[in-house]
Amino acid sequence: MHYLGIPTSRAASLVVSDDNIWRDQFYNGNIKKERGAIVLRVAKSWFRIGSLEILAQSGELDLLRMLLDMVIKEHFPKININDSNKYLAFFSQVVSETAHLIGLWMSVGFAHGVCNTDNFSLLSITIDYGPFGFMDSYNPDFVPNTSDDEGRYKIGNQANVGMFNLNKLLKALNPLFSLRQKQLASQILERYPQQYYKGFVELFKAKLGLLGENEDDGYLIAFLLKLMQDTRADFTMTFRQLSEISEDKLKDLNIPKEFWALQDIAKHKNFSAWIAMYLLRLKGNVGDSDSERKRRMSSVNPRYVLRNWMAESAVQKAEINDFSEVRFLKQVLQHPFLVQTLAERAGYAQHPPAWAEDVKVSCSS
């Protein structure tokens with residue numbers, strides 16, 4: 001996530017024990033022994049929305065103020081700690097940065113898995129990795145968490161869950177607000193959907209290499225995503241291969257076999273209509289060239305992400321003390337936008353294996 005340019009906590013170390021522990025990995029009563037391990041993660045702060053929520057619910061308002069003042073002083077330097085509207089300014093910044101973070105998640109097909117208030121950072125960084133996953137085939141209903149039967153945290157619902165959590169944050173802050181500040185805070189929260197959508201469109205415009213403004217850009221993006229959903233096109237590689245194919249080949253609908261993700265989506269009856277719209281829009285990129293478009297798009301559309309089948313393959317080897325693929329993945333994912341010969345040989349940019357569809361993880365994975 002860090003090398004994809006997404007705000008996140010970082011993994012500092014992984015310590016594997018020789019001792020076995022009992023685990024019910026999928027909470028189905030199938031208990032077995034597995035090796036124990038500890039991941040040490042670091043972040044600028046581990047305070048999350050739930051940190052304020054629990055104090056407000058307990059009536060610990062003095063402690064709530066102390067914690068807020070400390071967080072603002074340490075991590076929100078643009079806010080004047082002596083300003084009577086400091087908590088309002090804090091809330092406004094958290095709202096906008098949360099919208100931006102979830103937009104970034106969506107732009108790389110990342111599903112957090114458990115987006116409750118205890119897993120949402122006040123600094124709007126990605127924390128508490130558990131049952132997360134990167135989409136293979138584009139599917140708004142993608143759920144990486146084996147215990148999320150209702151799809152509460154499906155990838156297409158992450159923006160709505162963000163709104164829910166920010167409303168919980170507002171409720172936690174309300175005891176500290178004046179009547180007028182409460183009204184202003186509600187207005188700030190009401191702007192969240194527009195903030196999120198605007199950021200989402202800008203991110204996907206960059207993924208498509210679009211410059212400038214066009215009122216139909218939102219439709220062009222939604223049209224493509226619908227084609228991808230209908231054809232179960234690979235999310236990561238569809239955008240990456242659009243970054244690599246020439247406009248001439250798109251114009252002629254000449255999709256070489258190495259562009260397998262585009263071949264998948266090209267089976268849709270409306271693909272040619274979308275290509276025509278896309279190429280017409282690209283003509284509106286003043287002063288742009290095809291080579292510059294491809295360079296620009298390749299810098300924001302990764303070729304490699306940590307798909308769960310890749311992680312599972314590394315885990316299986318690690319269980320027999322072979323950590324070679326763990327180290328290999330670490331090296332590859334430090335340069336997700338660059339074509340890497342060994343990663344290509346490993347199939348990291350090819351169709352996921354058939355068994356990958358059945359891979360899900362749990363909160364203890």
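1. Two residues are in contact when they have heavy atoms within 4.5 Å. Leaving aside neighbours within four places in sequence, Ser 298 is in contact with Arg 240, Ser 243, Glu 244 and Phe 337. Ser 298 sits in helix α12 (residues 290-298); helices (H or I, at least four residues) and strands (E, at least two) are DSSP runs, numbered from the N terminus. Ser 298 is buried, at a relative accessible area of 16%. Here buried means under 20% relative accessible area, exposed over 50%, and partly exposed in between (1.4 Å probe, protein chains only).

2. A word on what you are looking at: this is a predicted model, where local features need pLDDT of at least 70 and side-chain atom pairs count only at pLDDT 80 or more, while totals for chains, interfaces and linings use all residues. Residues are numbered from 1 along each chain as its sequence is written, and side-chain values use heavy atoms, with hydrogens and water left out.

3. Now find helix α8 (residues 235-244). Nine of its ten residues are buried, so α8 is largely enclosed by the rest of the structure. Among the buried ones are Phe 235, Met 237, Phe 239, Arg 240 and Ser 243. At the start of α8, a side-chain oxygen of Asp 234 comes to within 3.3 Å of the backbone nitrogen of Thr 236.

4. Next, the salt bridges (a side-chain nitrogen of Lys or Arg within 4 Å of a carboxyl oxygen of Asp or Glu). By this rule there are 24. In one of them, Asp 128 pairs with Arg 48, with the closest N and O atoms 2.9 Å apart. Asp 128 lies in the loop between β3 (110-111) and β4 (133-134), and Arg 48 in the loop between β2 (32-42) and α1 (49-57), so the pair ties together parts that are 80 residues apart in sequence. Asp 128 is partly exposed, at 26%, whereas Arg 48 is buried, at 15%.

5. An α-helix has 3.6 residues a turn, so residues three or four places apart point the same way. Lys 205 and Glu 202 form a salt bridge, their closest N and O atoms being 3.6 Å apart. Lys 205 is buried, at 3% relative accessibility, but Glu 202 is partly exposed, at 36%.

6. Arg 293 is buried, with a relative accessible area of 0%, while Glu 247 is partly exposed, at 24%.

Conventions
Polar contact = N/O pair within 3.5 Å; in protein donor to acceptor, adjacent residues only side chain to side chain.
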